[in-house]
Every structure is written in structure tokens, then in C-alpha cells.
Amino acid sequence: MRRLASLLLLLLAAGPLLVPERLAEEDREAVRSAPTGEHPLGTDALGRDNLYRYLRGMRMSLSGACAAAVVATGIGLLAGFLLSRLGRAGMAFWGPALDTFQSMPWYLLVFLVRAWTPLDTGPEQLTVILFTMLAALGWAPPARTVAAACRQLRQEPWAAFARASGMGGAQMFRRHYWPHLVPLARVHFLMLTPAILLAESSLGLLGLGVPDSAPSLGSSLTDLLQPGARWWEAAPLLLLLTAVLSLQTISRRPTDESKRT
Amino acid sequence: MAGVGSRLGGLGPLRAAVRVVAALGLTAAVLGLLLYYSPGREYAAESMSGFGLGATGGATGGTVTGPGQFVWQYLGKLLRGDFGFSSTFQSPVRTLVAERAAATGGQLFCAAGVLSVAVCVLTLAGLWRGWLRGWIGAAAMVLQSVPSALFAIPIALAEGPPFLAIALAALPRTLRVLDAVLERQQGAAHLAWMRAMGCGWWTMTWHGQIRAAGRELFEGAASMVPLLLGSLLAVEIVVGFPGLGTLAWRGVYGRDLPLLGAVTLLFSALTSLSSALAQRER
């Protein structure tokens, strides 16, 4: 099941490469057309092929979400490791500070940043700002988990032995802590990616995500909000469901599946 | 309030209050900084009575020299209830938010009611028959992968009330959280003991599972408030309901930072309060 999910994700990421190049062009003869042999999912109001547009949007959103999840997990790892080195007094301050950060209304913070962005900001810059914002909002849960894991690892007998043998902080991290933290980081990455993908889609649906000139899954989903939307225009939703469910399947532990079978 | 206080449990009412105030302070400080570095800061500052920008802003006459001082003055204004003037609606922000908050609050209240009934029915159905629980769990997992705003489309087409879409959008996650809480109860020793004593299904479900997990269920429900608020924003915008969500959305397009700031502070208060309620003793 996990292999199938990985294969599906690869297909989604490589989607635009699998369709003919001619579909990238606008077809003014077929504006808002129904599915035909030439355009399998019809065209939009500008005569652009829907299949190509949706697949390009999917790849863009997926790569943006993955990049944002990598950044958020990286910041979380670093912050978690630093937090674990704080004493009781430090944690008494930073623990509630993390809680406070996590309880902020992220939707409205993104709204605020969008309103604050200058009007002459280009679509590429807006895309980078959006995914950076989503990454900046997602680092707190990994930081909390990593801090707890590092504190626990430091109390293990082998850690005390390594310290007593004269191992320095950097060497301890690289040789002993890092192998334990990699699976944690992997889980957080796999949980953050669908969350960011969904957040981008939601913001795109509200017209506050990636601009239409740089197609994304969110902007493709807005086709469903147009009056007289047609059933084949629900294809981006199917792509989103496939991506999110595949990521959830991959993030599930192998033991979960064996337990179910 | 005594009930709420006791529910705060290990966190304690005082620490919970400090946390809510800290969250509001942090949000207000972020707002102040965004306002200071925004192109429309002169207008935003002017819209609050007696708020000058001085040398750096060059707008109204010389009291503020840097971002720290600006944020400090902004916090002072907010504490006095001065949220500024909305350039989009040409009306005081305080009045606007108060008007729309009533409409949004009504929708939120109805959504919470519908959500509670739906969750109770589906959870009880899942506890009654194992196969139903599996199907409900699978459906919740799929529906959880759908953006909240899309739930509003069928409701808008059927001209139904927005609270139905809000409840529908929050239902899958709520079901999964509460299901996880009840699953932890499944292997509890007291349930095996009750079964051995010959207790019926209802007694075991009510006393053995739901009442035993009462506090955890309450905490799970409280942690759903931010989700409900997020869904509310998206649904209101898609349906076009004149509430706080639409107000904030129009504020984005009008670059109305004082208006957005007031809505953000209100939502921040609600989310941090629900987060404090959901905290367990650590």
C-alpha cells in the first residue's frame, strides 16, 4: 500500500511531463469546451487545457508544500535541540511561549501578511511569501517533540557513558542524537506536507493563495466556485484527495498496516 | 465561571489567564510591527486618536521615533478600546466588529450545536457496531482531506444556512479526535470487569467509556474551537454571509490593517482561551 502511495505521488509530481507539450498552448478556438479527444478535461475561459493546468498546479503545490515542510521541520529540529538544552527556568518561559504561538489564528495571520504585501509584488514572490509563511507557522509542533525526545535521550545510560568518555556536544549530536531524530523528522515532514497542501488549497479557494498566473492546486479549485461549474472541473479535488491520502498512507507506521491485516 | 475554572485543572485559572493575555499581547505586537512597516501606516495611525508618527512616519507630528515606541503606543490604544477607523467601510472598526460578531456568533453557536448532535449520533453508532465505526473512520479520513471552503458549495447551491457547512467541515476531524480518545478506553481494565459483571451495552458505553473519558472528551472538544473558527472564515467567504470572515476578507483586498487587526485579536482571544481549556496538567 505504501509503495502504491509513493508511486501515485511520483506520478502526480511528474504529471505535466506525461502529457503532450502542445497542451501548454492556448486554444482560442476551444474556449470553455467540454472534454474532447484533444482536451481530455476540457478547457478554461482562456482556452487553456484543463488537464495540463491541473497537473502543473498539482506539481507546483506539491513541490511548494514539500519545500515548506522541509524548512518547517528543519527549523523545528534546530529549535527543539536548542530548547532541550535549556534548564527548568528556560522551559518555564519557552514552553508556554510555544503554546501561545501554536494557539494564534494562522488563517488571519496569513490574511494580514497578504494585506501587508505591496501591490507591485510579482506572482513568484507572492508564492514564495505564502509558502514561507506556512513554513514559519508549522515549526512549533516538531520543535516541541524534538525537545522532549532530546531531553529523554540525554538521560539514557549510553548518553551518560558517551559524555563520560569525553565526547563533545557536536559529536554527541552527530553520532548519537541525530540517528534517533531522523525518524521523528520524517514523521513530522510527512504530517506537515498534507497540512500545508490543504492550507494552500483553502487559501487559493478564497483567492488569497498563489496567483492564477502561477497555477496551483488552490487556484485550479476555484473553477468549482464559478457559476455553472461542470463535473470534470472537480478533477483538482480528486488530485488533492489522492495526494493527501497518499501522504497519510506513507506516514502511517508499517506496524499499523500489519495490525489492520 | 466556576465550572470553567475547575475545568482548567492543572493549568490553573491564573496561569490560563496569563497565557491568554500573553497570546493577545504577542498578536497585538505582531500587528503593531506589521502596521509600522506597512505602506499605509500613516493612515492607520491617523485613524487612532492622538497617535503621531513623527520623524519616521512624517505624518502627524512627532511623537514616535521607532518601531518599539510605535508598538507600545499601539498597544496602549488597543487597551483603551481604540481600534481605529476602517478605510474600506468608512466606519469605526469597533462598531463594525461588534455588529458582525453577533451574526458570526449566532452561526458559530448553531454550528457547535449541529456538530455536537452529529458527533454524538455517529460516535454512538460506531460504538454500537464495529463495522460502522470502520466506515465512519474511513469516511472521516477522506473528508478531512477536503478544504473547508468546498463544503460551502453544496450549501450555497441549496441556499442552506452557513452553519451547516461549518459543522460539516469540522465534523471529520472532531470525529477522529474523539474516536482516538474512546479507543484508548477500549482496552481499559474496568471495561473487562464490567463485561464480566454482565453489564449491558448502554451501561458499558455510558459509564465505562463516555463518562470515564469525560475530561479527555471535553479537552478534545475544546481543541476543536480553532478548527471551527478556521472553517467559519472559509465558509462565510464562499457563501457570502455578512459576518467577521467576510469582513476580514474584504479587509485584505482593501488593505485595511486596523480592521484585520481587530478581527485577528478577537479570534486570537477565542483560540487561546480554547487552547488553555484544552491544556492538560504537564
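The structure is a predicted model, in which local features need pLDDT of at least 70 and side-chain atom pairs count only at pLDDT 80 or more, while totals for chains, interfaces and linings use all residues. Residues are numbered from 1 along each chain as its sequence is written, chains are lettered from A and ligands numbered from 1 in the order in which they are written, and side-chain values use heavy atoms, with hydrogens and water left out.

Me: What makes a residue of chain B or chain A part of the contact?
Reply: Contact means heavy atoms within 4.5 Å. By that rule, 42 residues from chain B and 35 residues from chain A belong to the contact.

Me: Why is an area of about 3300 Å² called buried between chain B and chain A?
Reply: Buried area is the accessible area (1.4 Å probe) that two parts lose on being put together, summed over both. The value for chain B and chain A is about 3300 Å², with 75% of it on carbon and sulfur atoms.

Me: Which elements supply the side of chain B that touches chain A?
Reply: Helices are DSSP runs (H or I, at least four residues; strands are E, at least two), numbered from the N terminus. Those of chain B that each supply at least two residues include α2 (13-36), α7 (130-143) and α15 (257-278). The largest share, 10 residues, comes from α15(B).

Me: How many residue pairs are in polar contact between chain B and chain A?
Reply: A polar contact is a pair of N or O atoms within 3.5 Å; within protein, one must be able to donate a hydrogen and the other to accept it, and residues adjacent in sequence count only if both atoms are side-chain atoms. Between chain B and chain A, six residue pairs qualify, both residues being at pLDDT 80 or more.

Me: How many salt bridges are there between chain B and chain A?
Reply: A salt bridge requires a side-chain nitrogen of Lys or Arg within 4 Å of a carboxyl oxygen of Asp or Glu. The count between the two chains is zero.

Me: What lines the largest cavity?
Reply: On a 1 Å grid over the protein atoms alone, a cavity is a set of points where a 1.4 Å probe fits but cannot get out, and lining residues have an atom within 4 Å of a point. Among the lining residues are Val110(A), Arg114(A) and Met133(A). The largest contribution, four residues, comes from α6(A).

Me: Where is Thr222(A) placed?
Reply: Thr222(A) is in the loop between α10 (217-221) and α11 (235-251) of chain A. Beyond its neighbours within four places in sequence, Thr222(A) is in contact with Gly204(A) and Leu205(A). A polar atom of the Thr222(A) side chain lies 2.3 Å from the backbone oxygen of Ser219(A).

Terms used:
1 Å grid on protein atoms, 1.4 Å probe; cavity = no way out; pocket = protein on both sides within 12 Å on 5 of 7 lines; lining within 4 Å.
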